[in-house]
Amino acid sequence: MIRGEKVTLRARRPDDVEHAKRWYADPETARWLIDVGTYDVPAEPMAYGDVRLTVDDTETGTPIGTAGLSGGSPEHRHAMLFVVIGDGAYRGRGYGTDVVRTLCRFAFDDMNLAKVELEVIAGHEAALHLYEGLGFHREVHRRRALWIDGAWRDEYLMGLLAGELR
Amino acid sequence: MNGDLVTLRPMDPGDAAAQHRWFQDPDVTRYTGFRYPPSLTAIETRLRGAEDSTFANPRFAIDRRDTGETIGYVALRDVTPESRAGELDIVIGERSAWNLGFGTDATRTICRYAFRTLGLHRVHLWVFTENAAAIRAYEKAGFVREGVARDRWFKHGRWHDCLLMGLLADEAAP
Amino acid sequence: MTYAGDLVALRAREPEDAPYLHAWQSDPETMRWWDRVYPPLPPELLAQRLASAPTPSYTEPSFILLDRATGTPIGWCGLHAVSARHRHAELAVFVGDAAYRGKGYGIDAVRTLCRFGFERMNLARVSLTVFPHNPAVRTYERAGFAHEGLQRRAFWKRGEWHDLLHMAVFPDTLR
């Protein structure tokens with residue numbers, strides 16, 4: 001497991017699936033998801049290129065969301081970060097920032113990645129603010145890239161090089 | 001996913017028993033294309049399968065919002081990404097839930113999902129021409145009568161005419 | 001069944017294409033701009049892969065490029081990372097035969113593949129990535145692709161980092 005200040009990132013368990021169903025059923029969570037898949041519990045929770053974890057609130061041990069680093073490329077040494085704070089009670093309180101900072105540190109210091117990237121829907125101001133606050137740059141502005149909730153949205157590809165994490 | 005009267009949620013193996021019961025009830029299956037009553041095992045196996053909802057076949061259980069009771073299922077079939085059309089398949093299995101507007105609400109809700117989330121262009125359905133109640137419900141949900149296919153379905157010992165009804169993305173209520 | 005532009009036509013890949021693909025993929029000019037890390041497969045392995053390769057479909061519309069006038073294979077192209085929900089895909093076009101470069105076959109291939117995506121697959125957006133110094137950038141611009149940004153340190157090639165330029169075109173901007 002990977003420890004942040006207020007969160008613990010740990011291997012997914014079958015009993016997380018019930019929590020995930022609740023999170024994805026919450027319209028406030030679902031509206032910023034690019035794709036909703038099933039909450040799968042991989043046999044190998046942490047492998048280069050495929051880190052998929054559940055996020056717990058360390059203090060209570062409650063699962064509050066999911067995060068990870070996917071599509072890691074050993075040749076190019078980057079991966080795509082994702083984070084969903086599924087429990088609305090934990091949004092806007094610094095848990096998201098803690099998850100992202102913790103995962104980025106893990107990516108650079110333990111996985112030896114050169115860069116962490118992520119995709120975010122334009123208009124998701126809270127997320128953009130969080131990522132830019134940690135040092136992510138908007139690199140690519142994809143226009144009319146996503147069909148979300150009845151309309152076309154733009155998408156940003158953001159990147160953080162090793163050494164840029166604030 | 002919430003409608004006014006119903007919630008659509010992913011199916012799970014716990015739904016097998018109820019689905020099995022519905023499929024044994026001839027009144028439930030009277031106007032469906034359904035012929036062979038499935039085994040409980042077959043339903044359970046299907047529900048245990050990995051991805052319940054795919055782009056080609058989004059499927060959901062229908063729960064009443066007032067009591068939480070699971071009353072049926074609704075799905076879209078044969079959705080192709082090019083033509084972006086899906087065929088509606090809905091069953092309200094619990095007789096106690098008939099004629100209370102749940103079917104119409106579930107239909108509206110999956111159509112909203114189809115257009116808003118999946119970006120589909122069209123939802124259509126086939127209904128037996130003699131199923132007047134269902135035709136009324138679909139018209140309430142915005143579907144337009146498009147044409148009758150004569151002797152389209154053999155059931156109950158004879159051929160039945162079926163009505164094709166369709167709803168396009170720009171006709172659907174937001 | 002071929003799908004044709006003015007100068008090029010698209011057809012499904014076949015095992016017999018293996019020697020062509022191998023020759024093109026070994027050509028230094030192609031390799032210079034190709035975002036692939038590893039050297040190309042040897043012809044026998046390529047032929048095997050092609051024999052079991054799926055026929056073109058929504059999720060894998062991959063083609064051989066032909067000179068439309070003679071039916072000669074001149075390169076390869078395809079769309080990948082196709083999303084049914086978001087109706088987008090990424091494009092890759094390679095005119096492998098040097099004799100056909102600089103003569104309009106490249107841009108025709110780009111336009112033809114985009115038309116395939118928009119008209120046959122009902123896509124709403126086609127994007128691509130390209131090394132910023134690749135002369136093909138001008139070709140993509142002339143076909144209507146707009147710049148969308150530079151992905152920093154996207155690709156490690158020959159001992160150094162390279163950025164990747166992202167571009168995209170829509171049914172109403174394809175020229």
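The structure is a predicted model, in which local features need pLDDT of at least 70 and side-chain atom pairs count only at pLDDT 80 or more, while totals for chains, interfaces and linings use all residues. Residues are numbered from 1 along each chain as its sequence is written, and chains are lettered from A and ligands numbered from 1 in the order in which they are written.

In chain B, an open sheet of mixed pairing is formed by 7 strands in the order S1-S2-S3-S4-S5-S7-S6, where strands (E, at least two residues) and helices (H or I, at least four residues) are DSSP runs numbered from the N terminus, and two strands pair if DSSP finds at least two bridges between them. Its edge strands, each pairing on one side only, are S1(B) (6-9) and S6(B) (144-155). Helix H5(B) (residues 132-140) packs on the sheet by touching S5(B) (122-128) and S7(B) (158-168), its direction making about 165° with that of S5(B); such angles run from 0 to 180 degrees between N-to-C directions, with axes fitted as lines to C-alpha atoms, for helices over the stretch in contact.

| Strands | Bridges | Residues standing opposite |
|---|---|---|
| S1(B) and S2(B) | 4 bridges | Thr7(B) and Asp63(B) |
| S2(C) and S3(C) | 4 bridges | Ala9(C) and Leu66(C) |

S3(C) and S4(C) form a hairpin with 5 residues between them, and Gly71(C) in the turn has a positive phi of about 80°.

The contact between chains B and C takes 6 residues from each of them, two residues being in contact if their C-beta atoms, placed from the backbone, lie within 7 Å.
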